[in-house]
Amino acid sequence: MQPRTEATQHCVWFDLSIRPRTRLTSYRDRLGNLVHHFDIPGHHTQLAIKSEAVVDIAPQTLPESLGAEAWQELDGLVADGDHWEMLMPSRFASPTALLGKLARELDVRRRDDPLVLLRELTAALRETFEYAPQATEVDSPIDEALSTRRGVCQDFAHIMIALVRGVHIPCRYVSGYLFHRVEEHDRSAEDATHAWVEALLPGLGWVGFDPTNNLIASQRHIRVAIGRDYGDVPPTRGVFKGQAKTELSVAVKVVPSAAPPPQESLETDEVWLASDGNTDELSDFEQVRQKRKQQQQQQQ
């Protein structure tokens, strides 16, 4: 749940609190994601996880295309690096007959150059699929969204990853948050986690593409964790002993910030603060109201 610090993103400040109180240990997984681990051995009726962060994200400028030699340069980049995990099929991003049909429909093949192809694919997926919360489950295979042409950002990311790996471009799943603006008409839910993809491109490195909203990942996208697919990076994962009915409640708030807010003004269970340099949009933290939404632990 802690934002990554790399490339154009810097996690300035982070705090994680758990109720009931417990001791936290932390480690980095094989992909550099920071994992916080804890145990609560005693009986309890509620588990509350509150994460707060201030993140600074610099703008990134991309060219419109990469040129005629880009495919050859990409193959050289792949040959020189260890990217096999992001090229092979994974649990939620594997080729199927329906995926092959979509690839032919959208003309997903090695044409133009990799950046042009990815831009067009991002736009095509936005137009082809309807954003429909609750249309799929957290562990749904891509064929469910492919058959109905409906789903959430988790589904669209998995579909794009499988398509992109099919043309031998390393592609990975990104779990994080999106700062919403009314004028942007984003389809993804404002009070939920978000998901998009990153593809490896020659001369540019890992570049983010958001097929849910037809966006190049920018200052509004807060990167928390990367993996082969959602299975590598759920926000929380764990087990409990005993018999009990459980309900999951999640609240997310992302606002522009010039400085860390007063501790007492944060009211949501899970808060991420992003600075995009626009001081005209600074929110009054005293007006931040608690948002709760009963939902499955799915990236919307």
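Just after H2, aspartate 107 adopts a positive phi of about 55°. Helices are DSSP runs of H or I, at least four residues, numbered from the N terminus. The model is predicted, and local features need pLDDT of at least 70, side-chain atom pairs pLDDT 80 or more, whereas totals for chains, interfaces and linings use all residues. Residues are numbered from 1 along each chain, and side-chain values use heavy atoms, without hydrogens or water.

Helix H2 spans residues 97-105. Leu99, Leu102 and Ala103 are buried there (under 20% relative accessible area, with a 1.4 Å probe and protein chains only). Seen down the axis of H2, these buried residues fall within an arc of 105°, so they line one face of the helix. The arc is taken over directions from the helix axis to the C-beta atoms. Ala97, Lys101 and Arg104 are exposed (over 50%) on the face turned away from the buried side. The buried residues of H2 pack against H3, H4 (142-148) and H5.

Leucine 163 contacts (heavy atoms within 4.5 Å) Leu99, Leu102, Ala103, Val108, Leu121 and Leu125, leaving aside neighbours within four places in sequence.

The largest nonpolar core contains 60 residues. Such a core joins buried Ala, Val, Leu, Ile, Met, Phe, Trp, Tyr and Cys residues through side-chain atoms within 4.5 Å. Among the residues with the most contacts inside this core are Leu102, Leu121, Leu163 and Phe209. H5 supplies the largest share, nine residues. Another core, of six residues, lies apart and includes Leu31, Met86, Val174 and Ala217.

In H3, Leu118, Leu121, Thr122 and Leu125 meet Phe156, Ile159, Met160, Leu163 and Val164 in H5.

Note on methods
Helices (H or I, at least four residues) and strands (E, at least two) are DSSP runs, numbered from the N terminus.
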